[in-house]
Amino acid sequence: MNETELNKLKLLSAKIRIDVLKMLEKRGYGHLGGSLSIVELLSVLYGKHMKYDPKNPNWEDRDMLVLSKGHAGPGVYSTLANVGFIEKEMLYTLNDGGTNLPSHPDRMKTPGVDMTTGSLGQGTSAAAGIATGFRMLGSDQTVYLIVGDGELNEGQCWEAFQYIAHNKLNNCVVIIDDNKKQLDGLTKDICNPFCIEEKMTAFGFDTQVVKGDDEAAISDAIDKCKEVKDKAVCIILDSIKGQGVPFFEQMDANHSVKFDSDEVINATHEAIKELEAFVKEGE
Ligand SMILES: Cc1ncc(C[n+]2csc(CCOP(=O)(O)OP(=O)(O)O)c2C)c(N)n1
Ligand SMILES: [Mg+2]
């Protein structure tokens, strides 16, 4: 990837991160850690790889995203606002009564949301079904599936992975956000997934591991997935829960954060200030 393209993605990552922070602060609470760990991934997907039309969200030939770890909805909403699917003001309606931005994605409510998710595990089967549909239609569309490392506790994930691998559905890019934490602690302490890379390889996937904050590496990994023929593909994101904001990276309980203390609010404002300066300099 050339420097201009990389800079464009880094700017998009910064803008997505800013809006996640702003919308959650405005709400007063929310799923911060797992939204921030996929910011660079979302930037690379929507900034470079995915085929979509914000003016026509239901365009039949689009690529699709299934955010199986649906609680990271704010990450996706912020992305959709930055690529033109929704207005930025809408971000501040998160979780309001009657909102079109529920905390977990709902494809009937939000333009650009391709699958309703939130009950962990279920998005994996939905993506497997979508990929099967694309295959049956002879379409070259791709579905990108984002799964959490804690979500791997759900047996349904492994059924879906086995199906995807067996059917060599390389039009379903399985991306596991290995941010090492789940709701209430470290994934390895709660239900150890052991080596996810070895597991996915054993399940029959062509598996790559990339740093979760490295747009160029993530993009290269997606390019490599496109070259794999006759085999399912998996990317493991070696990410950090709370990624990109040192204060939140270091916070122990950063799954759902309350913005009710000066410490949290000041750290949020400081991060937004730095990110906005980065965007200003880059544009
Ligand atoms: C079936 C189901 N059980 C429990 C929950 C509650 N829940 C929401 S997020 C979460 C932890 C998920 O951890 P992980 O997949 O690692 O997500 P991340 O670290 O990316 O936030 C849990 C248990 C849920 N949404 N669905
Ligand atoms: Mg996790």
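The model is predicted, so local features need pLDDT of at least 70 and side-chain atom pairs count only at pLDDT 80 or more, while totals for chains, interfaces and linings use all residues. Residues are numbered from 1 along each chain as its sequence is written, chains are lettered from A and ligands numbered from 1 in the order in which they are written, and side-chain values use heavy atoms, without hydrogens and water.

**Around ligand 1**

Let us begin with the ligand. Its shell holds 18 residues, and the closest are Lys 69, His 71, Asp 149, Gly 150 and Lys 241; to belong, a residue needs a heavy atom within 4 Å. By class, 2 of the shell residues are nonpolar, 9 polar and 7 charged. Here Asp, Glu, Lys and Arg count as charged, Ala, Val, Leu, Ile, Met, Phe, Trp, Tyr, Cys and Pro as nonpolar, and the others, Gly among them, as polar.

| Residue | Atom in the residue | Distance to a ligand 1 oxygen |
|---|---|---|
| Glu 151 | backbone N or O | 2.8 Å |
| Asn 179 | polar side-chain atom | 3.0 Å |
| Lys 241 | side-chain N or O | 2.7 Å |

Taken alone, ligand 1 exposes 590 Å², and the protein buries 77% of that; these areas come from the Shrake-Rupley method with a 1.4 Å probe.

**The cysteines**

How many disulfides are there? The count is 0, where a disulfide means two cysteine sulfur atoms within 2.5 Å. The sulfur of Cys 225 has its closest cysteine sulfur in Cys 234, 8.1 Å away, which is too far for a bond. Cys 225 is buried (under 20% relative accessible area, with a 1.4 Å probe and protein chains only) at 3%, and Cys 234 is buried at 0%.

Note on methods: A polar contact is a pair of N or O atoms within 3.5 Å; within protein, one must be able to donate a hydrogen and the other to accept it, and residues adjacent in sequence count only if both atoms are side-chain atoms. Buried means under 20% relative accessible area, exposed over 50%, partly exposed in between (1.4 Å probe, protein chains only).
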